[in-house]
Amino acid sequence: MSRCKACGACCRRGGPALHREDLALLEAGILPPAALVTLRAGELARDDVRGVLAPLSGEAITLAGSGGLWSCLYLDALSNRCAIYAERPAQCRAQCCEDTSALAAMYDRGRLTRAEALPQLHPDWSALAGAHEDECAWARLAPLALRAPYDAEAGRLLLEAVRFDQAFRELAVERAAVPDAALLLIFGRPLRVLLADFGLAFADGGGRLVRSGLLLYPDIL
Ligand code: SF4
Ligand code: SF4
């Protein structure tokens, strides 16, 4: 039997990845689009079972953080109570720090994908996500980001992708009436933000890439 002390430590490390059995929570509006963020395949993310940062082998839809932090938006920071405890996602139900076997058994299996979730929320969103992924997949962009500091052509292609990503989001809002609050679910986090994982940032108003910090992403070249 779980002896969770309700300390909230696991919730502060970040919201759970959703699984197929959580789809009903989206359909019922218990988890609205504004509460969800997609981490795309190849993106650097914390593995809660192994306790390491690693590129995702497939995408994950997660609960958003709160106040710019990883802490799950449904956690009350003062009381450590979960605002949706009775209807919390499957991964939260499996979480037990005394015995991680249940979490390990389900952790990266049966994860909910955008292809399954988005059609239940809006008829256009899955096609928009697919068109964005065609240009912005990490399988293509991660090698470019790793080479960009010493390869001008890789840097140029990466900048092009970052600008495409930004423009695509703006067009989706203006022309397809996508709510701002759904952008992180449909397209994931902006490429511009994720450059930091490669120790890169924009300079000169977005016209140039520069080294800005440590390379966190593993060298896959
Ligand atoms: S599962 Fe563990 S870390 Fe999470 S709230 Fe319970 S006691 Fe704290
Ligand atoms: S949904 Fe609730 S139990 Fe799950 S991480 Fe968020 S606050 Fe914690």
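**Figure 1. Salt bridge between R114 and E133 in the predicted model.** The side chains of R114 and E133 form a salt bridge, with N and O 2.9 Å apart. The structure shown is a predicted model. This pair connects distant parts of the chain, since R114 belongs to helix α5 and E133 to helix α6, 19 residues apart. R114 is buried, at 5% relative accessibility. In total, the structure holds 11 salt bridges.

Figure 2. Elsewhere, R40, E59, R114 and E133 are joined into one network by salt bridges that share partners.

Figure 3. The chain is divided into domain 1, residues 9-113, and domain 2, residues 122-211. Taken over C-alpha atoms, the centres of domain 1 and domain 2 are separated by 23 Å. In the contact between them, 13 residues of domain 1 meet 16 residues of domain 2.

**Figure 4. The largest nonpolar core.** In soluble globular proteins, nonpolar side chains tend to be buried together. The largest nonpolar core here has 26 residues, of which L18, L26, L31, L36, V178 and I186 touch the most other members. Two or more residues each are given to this core by α2 (23-27), β4 (60-63), α5 (114-121), α6 (125-136), α8 (152-175) and α9 (183-187). Helix α9 supplies the largest share, 4 residues. Both domain 1 and domain 2 contribute residues, so this core lies between them. Leaving aside residues up to four places away in sequence, I186 touches R114, L118, W125, A129 and V178. A second, separate core has 22 residues, including L141, A142, L195 and L209.

Figure 5. Of the 10 residues of helix α7 (residues 138-147), 7 are buried, so the helix is largely enclosed by the rest of the structure. These buried residues are W138, L141, A142, P143, L144, A145 and L146. Their cover includes α6, α8, α10 (191-194) and β5 (200-203).

**Figure 6. Surroundings of H132.** H132 lies in helix α6. This residue is buried, with a relative accessible area of 0%. Beyond residues up to four places away in sequence, H132 touches R40, F164, D165, F168, R169 and F187.

**Figure 7. V52 in strand β3.** V52 is located in strand β3, residues 52-55. With a relative accessible area of 34%, V52 is partly exposed. Not counting residues up to four places away in sequence, V52 touches A45, R46 and D47.

Figure 8. L53, L214 and L216 make a nonpolar surface patch of about 340 Å². L216 lies in the segment after β6 (208-211). Its relative accessibility is 46%, and L216 thus counts as partly exposed.

Key
Residues numbered from 1 in each chain as written. Chains lettered and ligands numbered in written order. Predicted model: local features only at pLDDT ≥ 70, side-chain atom pairs only at ≥ 80, totals over all residues. Heavy atoms only, no water. Patch = residues over 30% accessible without salt bridge, like charges linked within 9 Å, V, L, I, M, F, W, Y side chains within 5 Å. Areas by Shrake-Rupley, 256 points an atom, 1.4 Å probe, with all protein chains shown as cover. Salt bridge = Lys/Arg side-chain N within 4 Å of Asp/Glu carboxyl O. Buried < 20%, exposed > 50% of the residue type's maximum accessible area, 1.4 Å probe, protein only. Core = buried A, V, L, I, M, F, W, Y, C linked by side-chain atoms within 4.5 Å. Domains from an automatic or database assignment. Contact = heavy atoms within 4.5 Å.
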